[in-house]
Amino acid sequence: MKTNTFSPPRHQVRQEFLTKKLFYLRDLKKRTYGFLLFFVPLVSWWFMVSPVLAYPDFQAFIKKNSGRSVDCAFCHANSNGPEGNGPGQIGSLTPEEFDRLNFARGAFDPGRNVNSPILNAFGNRVIRELGKKKFIEIKNHPADLAKALDPKVDLDGDGIPDVQEFLDGTHPLKNTDGDPGRLFLANFLKNHTQILLLLFATLFTLYGLNNLLRGFARFFEAEDGEGGR
Amino acid sequence: MTKLKGNDFIEKVRTEIDQRLPLDMLNLGDLMAHKEVPKHRMSWAYYLGGFTLFFFIVQVVTGLMLLFYYKPTVSEAHASVEYITHQVSAGALVRNMHTWASSLMILSILIHLITTFAMKAFEKPRELTWVTGVALLLITFTFGFTGYLLPWNQIAVNATKIGLQTIEQVGHYLPGDLATWPRHLREIIQGEASVGQSTLSRFYAIHVVVLPFLIFGLLGVHLLVVQLHGMSKGVDEPAKGQEKFFPFFILKDFSAWGIAFLALFLFALCLPFESFFPYPLFEPYDALGSTPEGIKPEWYFFFMYYPLELLPFWLVMLGVNGAMVVLLFAPWIFKGSSRKTLRFLAVLAALYLFVMTVFGDKIYHLVKGVGG
Amino acid sequence: MLEAFLFVGLPYAAVIICVAGSIYRFKTQPYSYSALSSQFLEGKKLMWGSVPWHLGITVVFLGHLAAFLAPDTWRLFLSSTHVLYTMEAIGLAAAILCALGLLVLILRRLTTANLQPVTTLMDLVVLFLLLIQVILGIMTAMSVRWGSLWSTETTTPYLWSLLTFRPDASFIAGMPLLVKAHLTGAWILLLSIPFSRLVHMFSLPLEYLFRPPQKVVWNAHPHHGSLKAAEDKEVTRRLFLKGAFGLTAGGVLLGVGVLDELYRFFRGPRLTQAEEADLLDVTQKRLKKNAEEKALELERLRDESIFVAKLSDLSPTKGKYFIDYQMRPALAFLGADGLPQLLSAKCTHLGCTVGSEVNAQGRLLCPCHVSFFDVTNGVPDAGSPAKDPLPKLGWVLVNEKGEIVLSRGPKGEVEGTLLGHEKETLSVHIAKRYVEALT
């Protein structure tokens, strides 16, 4: 007799989340830097026993802003969010990964070298750049995330900055995903040599075919003329 | 006396077949010298078959290339597709070209079909060309349907599930024991109780072996009859002139192919087909997770997908099957219709396809009253 | 000393003699200002020799000219490896075309009886000189690769130093012997221009590309009847030549681009160890997931009952997902009677997974085609696409000792009794014995 490993659709975690959030903020107020050394192990423990939740506020914002539906894999390692036993979820972490997770949870200030196992590269980048404190502030008005992040960074190198991808609802780590217009332009500029090469090849071929056509036309004309004589 | 009658009958059948398939004209020199293309205001339509053939050739080449890396197992299919896209040099280009060319092939077939209909090109003795053409259309749709599943991502598996489930729904309208037959049929197609490894193996076999055999055979017949009969007249008024197919029209065809290739290359290189859909649809299929939003078949099935969503099932099935029968027997049904009538019908059909494909989603949301 | 002569003295001498000689020849023998045509003596081989040669040399010459005139732009243009490969390949192909054409022309001059009387010694010398020069060029391209790039740093400044009258041979001092030979050959060829048929290159520099070899109207051909017919034939020939040129150029460009890509596609990627590890990691995760699914399946084939949830964890408004015996998703709720209510979550319309949240009207929503189901009995609303109710699943309640306390089948048949105080410790299971009843 085993348990079922079945994760609920992510929108359902939201209600639970709202109640948990209050606890979290209350705790946050109590903390001061002086107590950090004492608190970090305690906080880690608290997090280990309490369920960890994705931030559906961002998900809802992206969907509303862009019209594209996204899942937790926008920032998290697993598309069903951090909770569960699947890969990239809390239930399957090794002790070393737990250390990294706890370090990430304690990274309240920007600039810490966060590498949380439940986040993907974009999620880690957000925490690294903003720090957990700022991130939680922004959570209530998700549009500000686009302003808070460095507008130039493009993690997947598809030519569309992460911030823009966040607004477009396209994945910042998948270079095949992007707003079609923007992606076309970026790829066009990136691959201009190949395009130019083929353009010239096509032009030459068309030129050749056109001349062959005219040549044949004259050739057949001459033959007809001869036949008529 | 009776013997003579029998001979008459055989003679009659022979002439009928001979008219449709004049194999005695099968002489390369003659074909090259005599096939001509009429010049008139609908002349552009003569390029469409060639376009289809071009995209088919692209499909064969890119498909073979993908075959070198693709792995048809549930646990590795998606990973191998990702490997092609991200690791193999030019893999993304080849894969994207395969996707784009499949859509473009179907688009050009549809326009080819509609214009051929409007030009009454199925008139005697060209019935065989028309019927093989319709069969080729069906094969191409099957290509699309089976190929859609192969990447084994969320949209692929879920759309396939929905597609196959519609077969089972027919059962509701059948009496007695017959009611279970559609379910059996579905299970034969998918190979097990639900879409899984067996389905993938079967679709793979169909997509890369069965259908190519069929299409090569039928395409051979289709092209042969086109060569034997030459181009149809196409319009009522006398043509402005004739143009030899070889070497003139074929060179023009090649020029058109050159432009088509440039366009295809540009699209395939710069615009991943996935970018039109939300990314969760392209995550590997998760049998135990919830279905992501926005599961849809490929755009070329919209013409029957959206009606299925909106209208009673039996009505749509009746419509689709009726349309299929009419299409298949068009040379006999529309034997006496004038080109004007056919043109009107063709415009109507084109309009329907266009509206359903482009605005189907909007109509759906409008009728259902849900946002999006 | 020799170097100074070859690379400073010889060039100036060659240019002066070339210019002065050409002008002198034009003044004194204007009608010799052409390549004396031999077309009417022998036409077929001429076509196969002259056309490739002229096509090839034009392309090669343009390449050399570009590196000489605009070295910086040229270098920038070649900074992409794609372009570099393409240009080198085009250059090499053109040079090979030149060599083949020259070979045909030489053989023609040597073996065609008709031509022997009109062939001068100078014709042969020039042809051989050209062949040697082309072969030197090809060898340079093969052994000292990417000449289109390094030439902008070496030969280009050298040539400019000559042109600006500040000759500086040190730019090419360190070059391999091959390159020096190729340069020397160039000066010798330049020198020979006024004395040979090469002088024709000054007559029609651009139109020469597609000009027919020569319009020679021997006398009015009896069959064609007129000058016009002969001219027509030449025009047609020219059109075919342009056609062949276009197709060749297009084909070469396409070939260069495609062959390179094809080669790399079939060679497969060469991954670094880190990339390889990432890839394996992903594959392994997928395999693990697959194994987990198989484990669930196995469990369902073997076990008589499977844990769904603790009774106390169930909620009337929010379902808990689990997998039923047929590996389909299902939902567990707490019914109004305080007992579990288990429903299949596979939509009876087209098989999507039904949502788990109960709305204010006590309905469950299937997101795919907007079907609403009553949570108490699974019956869909009248307007829903789904017509059949979600099947109910039977369950058993198991206490801590693993004994079955209470059970209810899919049709609602209840067995056993429930003592109030046990409720907290009971867990909900699905049981195999109800499976047949469900299908």
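## Hairpins of chain C

Strands β8(C) and β9(C) form a hairpin with five residues between them, and in its turn Gly402(C) has a positive phi of about 90 degrees. Strands here are DSSP runs of E with at least two residues, helices are runs of H or I with at least four residues, and both are numbered from the N terminus. β8(C) covers residues 395–398 and β9(C) residues 404–408; the two run antiparallel and are joined by four bridges. Two strands are said to pair if DSSP finds at least two bridges between them. Trp395(C) has Arg408(C) of β9(C) as its bridge partner.

This is a predicted model, in which local features need pLDDT of at least 70 and side-chain atom pairs count only at pLDDT 80 or more, while totals for chains, interfaces and linings use all residues. Residues are numbered from 1 along each chain as its sequence is written, and chains are lettered from A and ligands numbered from 1 in the order in which they are written.

β9(C) is also joined to β10(C), residues 414–416, by three bridges in an antiparallel arrangement. Arg408(C) stands opposite Val414(C) of β10(C). The hairpin of β9(C) and β10(C) has five residues between the strands, and Gly412(C) in this hairpin takes a positive phi near 100 degrees.

## The four-stranded sheet of chain C

Chain C also contains an open sheet of four strands in the order β2-β3-β4-β7, with antiparallel pairing. β2 (320–323) and β7 (392–393) of chain C stand at the edges with a single partner strand each, so one side of each is left without a neighbour in the sheet. Strands of a sheet pair through backbone hydrogen bonds, either parallel or antiparallel.

Within the sheet, β3(C) (residues 329–334) and β4(C) (residues 340–344) pair in the antiparallel sense over five bridges. Gln341(C) of β4(C) is the bridge partner of Phe333(C).

## A helix pair in chain B

In chain B, α11 (residues 302–310) packs against α14 (residues 339–368) at an angle of about 25 degrees, with the axes 8 Å apart. Axes are lines fitted to C-alpha atoms, for helices over the stretch in contact, and angles run from 0 to 180 degrees between N-to-C directions. α11(B) and α14(B) are therefore roughly parallel to each other, a term that applies to angles under 35 degrees.

Residues are in contact if their C-beta atoms, placed from the backbone, lie within 7 Å. The contact includes Phe302(B) and Tyr306(B) from α11(B), and Met356(B) and Tyr364(B) from α14(B). Its residues divide into nine nonpolar, two polar and one charged. Here Ala, Val, Leu, Ile, Met, Phe, Trp, Tyr, Cys and Pro count as nonpolar, Asp, Glu, Lys and Arg as charged, and the others, Gly among them, as polar.

## Contacts between chains

Between chains C and B, 22 residues of chain C are in contact with 25 residues of chain B. On the side of chain C that touches chain B, α9 (227–267) and α10 (273–302) of chain C each supply at least two residues. The largest share of that side, six residues, comes from α10(C). By class, the side has twelve nonpolar, six polar and four charged residues.

## Chain A

Chain A has nine helices and zero strands. Among its contacts between residues at least 6 apart in sequence, 46% join residues at least 24 apart.

Terms used: Two residues are in contact if their C-beta atoms, placed from the backbone, lie within 7 Å. Angles under 35 degrees count as roughly parallel, over 145 as roughly antiparallel, 65 to 115 as roughly perpendicular and the rest as oblique.
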